[in-house]
Amino acid sequence: MPFSQLGLQPELARAASAANYVCPTPIQSKAIPVILEGNDVVGAAQTGTGKTAAFVLPLLQRLAGPANKTRGLILTPTRELATQVELAVRKYGRFLKLRSTAIYGGVSQRLQEQALRKGVDVLVATPGRLLDLIQQRCIDITAVEIFVLDEADRMLDMGFLPDIQKLVKSLPKQRQTILFSATMPQEIRDLARSLQKNSVLVEVAKHQEAPAGVEQKLYPVPSHLKSDLLAHLISREPMNPVLVFTRTKKGADRLHLALENRGIKAARIHSGLTQRERQEAMDGFRQSRYPMLIATDIAARGIDVQNISHVINYDIPNNTNDYIHRIGRTGRADKGGVACTFVCPEDEVFVRGIERSRGEKIQRVRLDDF
Ligand code: AMP
């Protein structure tokens with residue numbers, strides 16, 4: 001589903017395209033329409049799920065044109081996150097005329113004050129510095145219409161609850177409140193209840209949860225025989241649709257060519273291709289013109305194709321999160337799915353890492369000749 005179908009105005013859908021996003025991630029598909037309707041939202045999502053765009057895009061749309069007062073306030077636990085989120089506000093708001101700035105401690109206040117004097121529509125801030133500036137009357141948050149708490153669980157871990165409570169006293173009662181958190185312990189639910197009215201919960205599966213019903217297999221293989229192994233597996237068992245992961249764009253291109261030379265049809269998607277090429281690949285895969293899609297991790301993030309029978313880790317991912325995320329693309333309601341990971345001798349260290357953090361061994365399949 002394209003971004004425009006979520007109800008986003010053309011300027012925002014265009015900004016998503018310009019960021020090379022082909023389709024929304026699951027948290028974006030769920031959260032964007034609900035936020036656009038003006039609801040209070042609790043979003044349960046971790047970093048890496050596309051959660052920032054899930055609240056920034058609809059926030060920008062709801063604020064529409066500049067009004068010379070701060071109407072959007074996003075609180076983050078750390079200055080790194082504040083900077084990152086403010087960059088996202090700029091990136092997604094590039095075709096709108098809204099002004100934003102980031103306010104955080106540990107640096108001189110002067111430049112931040114200057115930015116504030118020029119007028120700011122969207123403020124991204126850490127709680128401590130924001131309170132200081134409010135007390136010094138450099139910031140007025142009494143006209144805020146949308147208030148976002150990002151990584152709320154981390155904020156509580158860092159002891160920001162009293163600051164948040166103080167800040168909320170300066171906010172208008174009539175406002176939209178959005179809270180994102182990777183985990184949902186009781187304190188977060190209590191916080192949400194104290195800040196929100198009739199909130200809607202949107203959540204996506206956590207990375208760490210291995211999807212149920214996915215058969216996982218490791219295939220030891222020397223590096224130069226990987227494309228032979230892939231061709232062999234495809235010829236041996238029906239796989240359709242199949243999603244193949246490579247670590248790099250070059251690797252995706254190389255594999256695409258190797259398969260083409262064998263007469264195997266595959267689409268490919270990575271950030272080195274034009275938006276149009278990526279869209280064509282996605283459409284071709286979704287409409288079954290291509291039974292196979294070769295993708296890099298970043299490009300695969302927004303892929304929303306259902307019923308993938310096999311995920312092939314042609315190159316093993318170097319961390320468990322990516323592994324779980326990738327294999328979670330398969331797993332069909334009726335039959336479950338299969339995740340095959342190719343393992344070269346130098347990849348054993350990654351296998352050990354994945355097995356250790358999951359607390360279980362993955363079965364090895366040895367094919368002596370194929
Ligand atoms: P976040 O979870 O917000 O930290 O986002 C993680 C990464 O995903 C960021 O690098 C985003 O640029 C990227 N991203 C967000 N939405 C999409 C999308 N729809 N398609 C591809 N990448 C995305």
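Start with what covers the buried residues of helix α8: among the covering elements are β2 (72–75), α6 (127–135), β5 (146–149), α7 (152–157) and α9 (186–195). Keep in mind throughout that this is a predicted model.

**Stop 1: helix α8**

Select residues 161–170, which form α8. Which of its residues are buried? They are D163, I164, L167 and V168. Now look down the axis of α8. The buried residues fall within an arc of 135 degrees, so they line one face of the helix. An α-helix has 3.6 residues a turn, so residues three or four places apart point the same way.

**Stop 2: the whole chain**

Zoom out. The protein chain carries 15 helices and 14 strands. Its C-alpha atoms fill a box of roughly 75 × 40 × 40 Å along the principal axes. Take the contacts between residues at least 6 apart in sequence: 75% of them join residues at least 24 apart. The accessible surface is about 17300 Å², and carbon and sulfur atoms account for 48% of it.

**Stop 3: the seven-stranded sheet**

Show the open sheet with strand order β10-β11-β9-β12-β13-β8-β14. Its pairing is parallel. Which strands stand at the edges? Select 267–269 for β10 and 363–364 for β14. Each has a single partner strand, so one side of each is left without a neighbour in the sheet.

Pick R268 and look across to I294 in β11, which stands opposite. Then bring in helix α11, residues 249–261. This helix packs on the sheet and touches β9 (242–245), β10 and β11. Its direction makes about 150 degrees with that of β11.

**Stop 4: strand β13**

Move along the sheet to residues 337–343, strand β13. Is this strand enclosed or open to the outside? Seven of its seven residues are buried, so β13 is largely enclosed by the rest of the structure. Show the side chains. G337, A339, T341 and V343 point one way, while V338, C340 and F342 point the other way.

Strand β8, residues 214–220, runs parallel to β13 and is joined to it by seven bridges. Strand β12, residues 310–313, is also parallel to β13, with four bridges. Centre on V338. E215 has V338 as its bridge partner, and H310 stands opposite V338 as well.

**Stop 5: backbone exceptions**

Most residues other than glycine have a negative phi, and most peptide bonds are trans. Three places depart from that.

- Select N240 and P241. A cis peptide bond joins them, with omega about -10 degrees. P241 sits in the loop between α10 (226–236) and β9.
- Select N20. Its phi is positive, near 70 degrees. N20 lies in the loop between α1 (10–18) and α2 (26–36). With a relative accessible area of 26%, N20 is partly exposed.
- Select N198. Its phi is also positive, about 40 degrees. The loop here runs between α9 and β7 (200–203). N198 counts as exposed, at 74% relative accessibility.

Note on methods: Residues are numbered from 1 along each chain as its sequence is written. This is a predicted model: local features need pLDDT of at least 70, side-chain atom pairs count only at pLDDT 80 or more; totals for chains, interfaces and linings use all residues. Side-chain values use heavy atoms; hydrogens and water are left out. Two strands pair if DSSP finds at least two bridges between them. Helices (H or I, at least four residues) and strands (E, at least two) are DSSP runs, numbered from the N terminus. Contact means heavy atoms within 4.5 Å. Axes are lines fitted to C-alpha atoms, for helices over the stretch in contact, and angles run from 0 to 180 degrees between N-to-C directions. Buried means under 20% relative accessible area, exposed over 50%, partly exposed in between (1.4 Å probe, protein chains only). The arc is that of the directions from the helix axis to the C-beta atoms. Accessible areas come from the Shrake-Rupley method with a 1.4 Å probe; for residues, only the protein chains shown count as cover.
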